[in-house]
Amino acid sequence: MDINLKPKPINFKFGEYINKGFELLKKDFGNVFTAFLVCVVMSIIPFCGLLGMGNMYRYLHKINKNQPASPGDIFDFKDFMPYFILQLIVFGGVLLIYIPLVIVLALTGALSNNGNDAGLLAMIFIIPYVVFIMVAVYYFALKAFYIVPLISLKGIKDIKTAWNISKVMTKGNLIAILLFSFVVSLLAQIGFLACGIGIFLTIPLAYTANYFAYEDAIQQIEYDEITEIGSKNEF
């Protein structure tokens with residue numbers, strides 16, 4: 001674990017992240033939009049979607065701090081392995097979830113061909129199992145909300161470490177994070193309603209809003225040794 005991190009539940013500031021995201025986008029729209037297009041190109045490359053996203057957040061961090069940055073920074077493959085491992089874990093999890101469903105559907109088809117009425121029994125299993133899948137997917141996705149910024153902004157390469165930190169950070173905030181993700185996704189989709197033109201504004205806004213959610217969370221768990229020494233000296 002990064003010695004400068006002190007994981008704790010985050011004070012999630014829903015509206016502030018969206019407002020700051022809009023201000024950053026308005027301030028430097030051209031560069032953010034160009035970086036977004038580069039991120040789209042990265043997502044086309046196999047196993048590079050999450051890497052491009054993480055690099056996008058690192059780029060937004062640089063321009064927010066007025067540091068030298070170029071949209072070409074999105075084409076940075078130094079963090080490829082952590083994201084590759086993360087995607088393999090996700091892929092394996094999806095397989096584990098769907099294998100029982102595939103087996104039941106195959107057995108149902110075989111029994112139906114033999115003249116048995118297996119449809120009802122299959123539905124008794126499938127409906128609650130699908131509900132379970134949805135709940136499980138949302139739960140793990142929300143608990144993993146901070147894994148990408150922990151890799152890209154704090155350089156944590158070990159997925160297990162990033163997962164454990166993210167679990168602590170999201171404690172008590174799952175509903176707020178779910179609502180935030182829903183609102184950001186809704187904003188990203190609004191562009192389609194404007195004949196697709198608005199998407200050039202709304203999807204980059206989703207990235208900038210998410211960035212501020214990540215940036216603020218990281219700041220809240222960073223261990224400030226100087227401040228800690230000062231507070232001890234007061235006593």
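Helices (H or I, at least four residues) and strands (E, at least two) are DSSP runs, numbered from the N terminus. The structure described here is a predicted model, in which local features need pLDDT of at least 70, side-chain atom pairs count only at pLDDT 80 or more, and totals for chains, interfaces and linings use all residues. Residues are numbered from 1 along each chain as its sequence is written, and side-chain values use heavy atoms, with hydrogens and water left out.

Along the sequence, the protein follows the pattern α-α-α-α-α-α-α-α-α-α. It has ten helices and zero strands. Buried means under 20% relative accessible area, exposed over 50%, and partly exposed in between (1.4 Å probe, protein chains only). By this scale, 37% of the 235 residues count as buried. The protein exposes about 13300 Å², of which carbon and sulfur atoms supply 70%. Accessible areas come from the Shrake-Rupley method with a 1.4 Å probe; for residues, only the protein chains shown count as cover. Contact means heavy atoms within 4.5 Å. Among contacts with a separation of 6 or more, 74% join residues 24 or more positions apart.

The interior was examined next. A nonpolar core is a set of buried Ala, Val, Leu, Ile, Met, Phe, Trp, Tyr and Cys residues joined through side-chain atoms within 4.5 Å. The largest such core holds 52 residues, and M56, L60, Y146, L150 and F180 touch the most other members. At least two residues of this core come from each of helix 1 (14-27), helix 2 (29-44), helix 3 (49-64), helix 4 (80-113), helix 6 (147-152), helix 7 (159-169), helix 8 (174-193) and helix 9 (199-221). Helix 9 gives the largest share, twelve residues. Apart from this core lies another, of five residues, among them L101, I126, Y129 and I133. In soluble globular proteins, nonpolar side chains tend to be buried together.

Leaving aside neighbours within four places in sequence, L150 is in contact with L5, G155, I156, A162, I165, S166, M169, I218 and I221. Helix 7 has the buried residues I159, T161, A162, I165, S166 and M169. They lie on the same side of helix 7, because they cover an arc of only 160 degrees around the axis. The arc is that of the directions from the helix axis to the C-beta atoms. In helix 9 lies Q220. Q220 is buried, with a relative accessible area of 18%. Not counting residues up to four places away in sequence, Q220 touches K8, I10, N11, K13 and Y17.

Nonpolar residues also occur at the surface. F91, L95, L96, I99, I103 and L107 form a nonpolar patch there, with about 620 Å² of accessible area together. Patches are made of residues with over 30% relative accessible area and no salt bridge; like charges are joined within 9 Å, and nonpolar side chains (Val, Leu, Ile, Met, Phe, Trp, Tyr) within 5 Å. One of the patch residues, I99, is found in helix 4. I99 counts as partly exposed, at 43% relative accessibility.

Two loop residues have positive phi without being glycine. F47 has phi near 65 degrees and sits in the loop between helix 2 and helix 3. At 43% relative accessibility, F47 is partly exposed. For N66, phi is about 60 degrees. N66 belongs to the loop between helix 3 and helix 4, and is exposed, with a relative accessible area of 63%.

Charged pairs complete the description. A salt bridge is a side-chain nitrogen of Lys or Arg within 4 Å of a carboxyl oxygen of Asp or Glu. The structure holds eight salt bridges. One of them joins E23 and K26 (3.5 Å, N to O). Both residues lie in helix 1, three residues apart, about one turn of the helix. E23 is partly exposed, with a relative accessible area of 43%, and K26 is exposed at 54%.

Another salt bridge pairs R58 with D79, with the closest N and O atoms 2.4 Å apart. This pair links distant parts of the chain: R58 is in helix 3 and D79 in the loop between helix 3 and helix 4, 21 residues apart. Both R58 and D79 are buried. K157 also forms a salt bridge with D79, the closest N and O atoms being 2.1 Å apart. Here, K157 lies in the loop between helix 6 and helix 7, 78 residues from D79. K157 is partly exposed, with a relative accessible area of 41%, whereas D79 is buried at 1%. Salt bridges that share partners join R58, D79 and K157 into one network.
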